Amino acid sequence: MRVAAVADLHGHLPDVPPCDLLLLGGDLCPVRDHDVITQAGWLGGPFRTWLDDVPATAVAAIAGNHDFIVERARKLVPQLRWKYLQDTACRIGDVTIWGSPWTPWFHDWAFNAPRDGGEALLRDRYADAPAGTDILLLHGPPAGYGDVVVPSGHAVGSTAALELVDRVAPALCAFGHVHEGRGSWKRGATVLTNVAAVDLAYRLREQPVVTYAL
């Protein structure tokens, strides 16, 4: 299976190579406006047109911390050509994908764990991820992988997410959230990959979509 992955679109609509499965790792909506009505119009307009045209056989997606519409007004999210995952799994072909939008606290935005006890909440959210999952689709990074923010140098990845990776041992764990943390790593049999599409200035990278053979 040819898998393409991208996160942190922030309103950009990049070219997607032909693939069997496209993974969308959250922060899809434009960063300039968090109003849920505006986000609904964008998802049902430019985003829907783009998504309908991408050369992917199937699409699995999660929200991110900028996608307020999904957390606050889910009924306003238009019907789209995707499998939306929120602490849930789906099966596409022979591949099981489990996805979650939650991240550690950050500006009290959408799908944030609380500042105090946040990792406990994340462990609870991740508890139902099934053994045998082939792909984990998370918005934020597991601790130690693509999680260092500039200029502070602080690591902001989730220990609960890393525990999830070790428990499930998927072939692929795709995430974003930390724009400057883009890259790929190996942990056991798992490829961990930060596929953020934009840089710190929200400019689209030259090759925003990463592809894998699974």
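Reply: A search of the whole structure finds zero disulfides, a disulfide being a pair of cysteine sulfur atoms within 2.5 Å. Cys90 is in none; the nearest cysteine sulfur, in Cys19, lies 14 Å away. Buried here means under 20% relative accessible area, exposed over 50% and partly exposed in between, with a 1.4 Å probe and protein chains only. Cys90 is buried at 11%, and Cys173 is buried at 0%.

A word on the basis. This is a predicted model, in which local features need pLDDT of at least 70 and side-chain atom pairs pLDDT 80 or more, while totals for chains, interfaces and linings use all residues. Numbering runs from 1 along each chain as its sequence is written, and side-chain values use heavy atoms, leaving out hydrogens and water.

Now the sheet. Helices (H or I, at least four residues) and strands (E, at least two) are DSSP runs numbered from the N terminus. Two strands pair if DSSP finds at least two bridges between them. On that basis six strands form an open sheet with mixed pairing, in the order β5-β6-β7-β8-β10-β9. The edges are β5 (88-92) and β9 (183-187); each has a single partner strand, so one side of each is left without a neighbour in the sheet. From one strand to the next the twist averages 20°. Axes are lines fitted to C-alpha atoms, for helices over the stretch in contact, and angles run from 0 to 180 degrees between N-to-C directions.

Inside the sheet, take β8 (residues 172-175) and β10 (residues 190-194). They pair in the parallel sense, over four bridges. Leu172 stands opposite Val191 in β10. Helix α4 (residues 159-168) packs on this sheet and touches β6 (95-100), β7 (135-138), β8, β9 and β10. Contact means heavy atoms within 4.5 Å. The direction of α4 makes about 170° with that of β7.

Most residues other than glycine have a negative phi, and most peptide bonds are trans. In the loop between β7 and α4 sits Pro151. The peptide bond from Val150 to Pro151 is cis, with omega near 5°. His177 lies in the loop between β8 and β9. Its phi is positive, about 75°, although His177 is not a glycine. His177 counts as buried at 16% relative accessibility. Phe111 belongs to the loop between β6 and α3 (118-126). Phe111 also is not a glycine, yet its phi is positive, at about 50°.

Next, the rings. Rings of Phe, Tyr and Trp (its six-membered ring) pair if their centres lie within 6.5 Å; planes under 30 degrees apart count as stacked, over 60 as edge-to-face and the rest as tilted. By this rule the count is eight aromatic pairs. One of them is Trp98 with Tyr126, edge-to-face at 6.1 Å centre to centre and 85° between the planes. Trp98 lies in β6 and Tyr126 in α3, so the pair ties together parts 28 residues apart in sequence. Trp98 is buried at 1% relative accessibility, and Tyr126 is buried at 4%. Trp102 and Phe111 have ring centres 5.3 Å apart and planes at 90°, so this pair is edge-to-face. Trp102 is buried at 12%, and Phe111 at 1%.

Last, the nonpolar cores. A nonpolar core is a set of buried Ala, Val, Leu, Ile, Met, Phe, Trp, Tyr and Cys residues joined through side-chain atoms within 4.5 Å. The largest has 50 residues; Leu22, Leu24, Phe47, Trp50, Leu51 and Trp82 have the most contacts inside it. Trp82 touches Leu24, Leu28, Phe47, Leu51, Val59, Ala61 and Val77, not counting residues up to four places away in sequence. Apart from this core lies another, of 20 residues, among them Val3, Ile97, Leu172 and Val210. Trp82 is also part of one aromatic cluster with Trp42, Phe47, Trp50 and Tyr84.
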